Amino acid sequence: MNDTREPRGRAGAEGASARRPEGLSTVGSSAPAEASSRRGDEAGALRLGTRRSRLAMAQSGQVAEAVTRVTGRPVELVEITTYGDTSREQLAQIGGTGVFVTALRDALLKGEVDFAVHSLKDLPTAQPDALVVAAVPVREDPRDVIVARDALKFTDLPSGARIGTGSPRRMAQLNSYARSHGLDIATVPIRGNVDTRIGYVRGGELDAVVLAAAGLNRIGRGDEVTDFLSVDTVLPAPGQGALAIECAADNADLIAALAELDDPLTRVAVTAERSLLAALEAGCSAPVGALADLPPLSAPLERGDPQADGQFVKEMCLRGVVGTTDGTRMVQLSTTGPVPETHDGAMALGRELAAEMLAQGAAGLMGERAH
């Protein structure tokens with residue numbers, strides 16, 4: 001749990017990346033050709049729809065630079081306010097599913113932007129027919145992290161420590177770990193951007209907050225992390241650390257260009273994770289954690305072993321967890337097998353593990369399920 005090295009973005013290899021699994025790259029659909037008339041000048045700047053938050057702007061800016069490299073065209077950011085950005089309610093109360101995504105998708109469908117960048121963990125598992133995820137770039141560190149007062153590790157927090165998080169998933173797993181290890185903590189629901197959340201610690205209102213490593217890394221604040229939470233302690237949200245680049249399904253030229261940014265191993269991993277989430281009929285704010293790990297590369301990459309990069313990935317371990325937010329009841333299972341070669345294979349892996357979790361009572365631990 002106290003590993004403070006930042007792992008590489010994905011546990012993958014050049015050999016594995018070059019071998020694109022069949023069916024994992026996206027292709028255009030037969031959507032009406034008239035939609036092309038809504039697009040901007042084909043030779044001009046591409047319009048990238050993004051949320052206004054500092055993190056969203058940072059990751060969209062990074063994608064914009066990459067798109068310019070592969071297309072030779074400038075990219076302009078179009079800032080869009082989503083319901084999740086304006087609401088002060090807890091995500092579990094407003095449903096979570098799609099609250100950071102709907103406005104961006106509406107802009108895509110209206111032709112106001114050419115493509116959009118989402119944090120994949122915020123993307124609903126149901127994909128609109130008129131839109132396509134053209135690329136899932138190399139994944140950042142998927143782990144959760146602690147930012148605590150006095151540079152404390154999670155296990156060094158004092159008795160009665162108050163830990164802030166807006167995620168039922170994090171609450172469930174932190175409380176479960178605390179119960180099983182004799183720790184006395186209180187998880188406190190919070191909302192807000194990174195500055196607001198870390199401000200609760202700096203101001204003494206909380207002893208620690210839980211954030212995503214990927215987000216802090218992308219805005220250049222990874223040095224504020226005081227502890228990395230092992231995935232054996234807290235499984236991340238399905239798709240955490242990954243981005244989704246979405247565009248109109250009929251824009252074949254743009255889809256082909258964006259596909260240059262797609263990482264096959266990241267895509268197959270998040271496809272399995274999101275398939276599990278969908279099969280559990282759970283929304284983005286449900287207390288569900290999932291990670292498709294790629295052993296034996298993950299551990300040596302986290303240790304910073306340069307020899308790990310370049311190895312061939314043969315197996316994938318998919319892990320899932322569901323629990324009550326107080327940590328009293330948990331269902332946690334895993335399955336290991338060959339890396340799926342197709343989209344359907346990755347989907348099947350997620351559904352199979354979800355079925356086993358449901359058989360052990362996972363449905364009763366999630367509260368209201370998404371439909």
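Rings of Phe, Tyr and Trp pair if their centres lie within 6.5 Å, with the six-membered ring used for Trp. By that rule, this structure holds one aromatic pair. The partners are Phe-154 and Tyr-177, with ring centres 5.7 Å apart. Their planes stand at 45°. Planes under 30 degrees apart count as stacked and those over 60 as edge-to-face, with the rest tilted, so this pair is tilted.

The model is predicted. Phe-154 has 1%, so it counts as buried. Tyr-177 has 15%, so it is buried as well.

Asp-150 has a positive phi of about 55°, although it is not a glycine. Ala-151 also has a positive phi, near 55°, and is likewise a residue other than glycine. Exposed means over 50% relative accessible area. Asp-150 counts as exposed because its relative accessibility is 61%. Ala-151 is at 56%, so it counts as exposed too.

Now move to helix α6, which spans residues 168–180. Gln-173 has its place in this helix. What does Gln-173 contact, leaving aside its neighbours within four places in sequence? The list is Thr-233, Val-234, Leu-235, Gly-289, Val-321 and Met-330. Gln-173 has a relative accessible area of 4%, so it is buried.

Next, look at the whole. The protein has 12 helices and 13 strands. Of its 371 residues, 56% count as buried. Take the contacts with a separation of 6 or more: residues 24 or more positions apart account for 77% of them.

Charged side chains come next. Side chains of opposite charge can pair when their charged atoms come close. How many salt bridges does the structure hold? There are 17.

One of them joins the side chains of Arg-47 and Asp-114, at 3.1 Å from N to O. This pair links distant parts of the chain, 67 residues apart. Arg-47 sits in strand β1 (residues 46–50). Asp-114 sits in the loop between α5 (102–109) and β3 (115–119). Arg-47 has a relative accessible area of 16%, so it is buried. Asp-114 is at 7% and therefore counts as buried too.

Another salt bridge joins Arg-51 and Asp-122, at 3.9 Å from N to O. The cut-off for a salt bridge is 4 Å. These partners are 71 residues apart and link distant parts of the chain. Arg-51 lies in the loop between β1 and α2 (54–71). Asp-122 lies in the loop between β3 and β4 (131–135). Arg-51 is buried, and Asp-122 is buried as well.

A further salt bridge brings Glu-246 to Arg-105, at 3.0 Å from N to O. Here the partners are 141 residues apart. Glu-246 is in strand β10 (residues 243–248), while Arg-105 is in helix α5. Both Glu-246 and Arg-105 are buried. Which residues do salt bridges with shared partners join into one network? They are Asp-195, Arg-202, Arg-221 and Glu-224.

Last comes a pair of helices. Two packed helices are described by the angle between their axes and the distance between the axes. The pair is α10 (residues 264–279) and α12 (residues 343–359). Their axes come within 7 Å and cross at roughly 40°. That angle makes α10 oblique to α12, because angles under 35 degrees would count as roughly parallel and those from 65 to 115 as roughly perpendicular. The crossing of α10 past α12 is right-handed.

Which residues make the contact? From α10 come Val-268, Thr-271, Ala-272, Ser-275, Leu-276 and Ala-279. The α12 side includes His-343, Ala-346, Met-347, Leu-349 and Gly-350. Arg-351, Leu-353, Ala-354, Met-357 and Leu-358 of α12 also take part.

Note on methods
Residues numbered from 1 in each chain as written. Predicted model: local features only at pLDDT ≥ 70, side-chain atom pairs only at ≥ 80, totals over all residues. Heavy atoms only, no water. Helix = DSSP H or I, 4+ residues; strand = E, 2+ residues; numbered from the N terminus. Buried < 20%, exposed > 50% of the residue type's maximum accessible area, 1.4 Å probe, protein only. Contact = heavy atoms within 4.5 Å. Axes fitted to C-alpha atoms, helices over the stretch in contact; angles between N-to-C directions. Parallel < 35°, antiparallel > 145°, perpendicular 65-115°, else oblique. Left-handed = near helix turned anticlockwise from the far one by under 90°.
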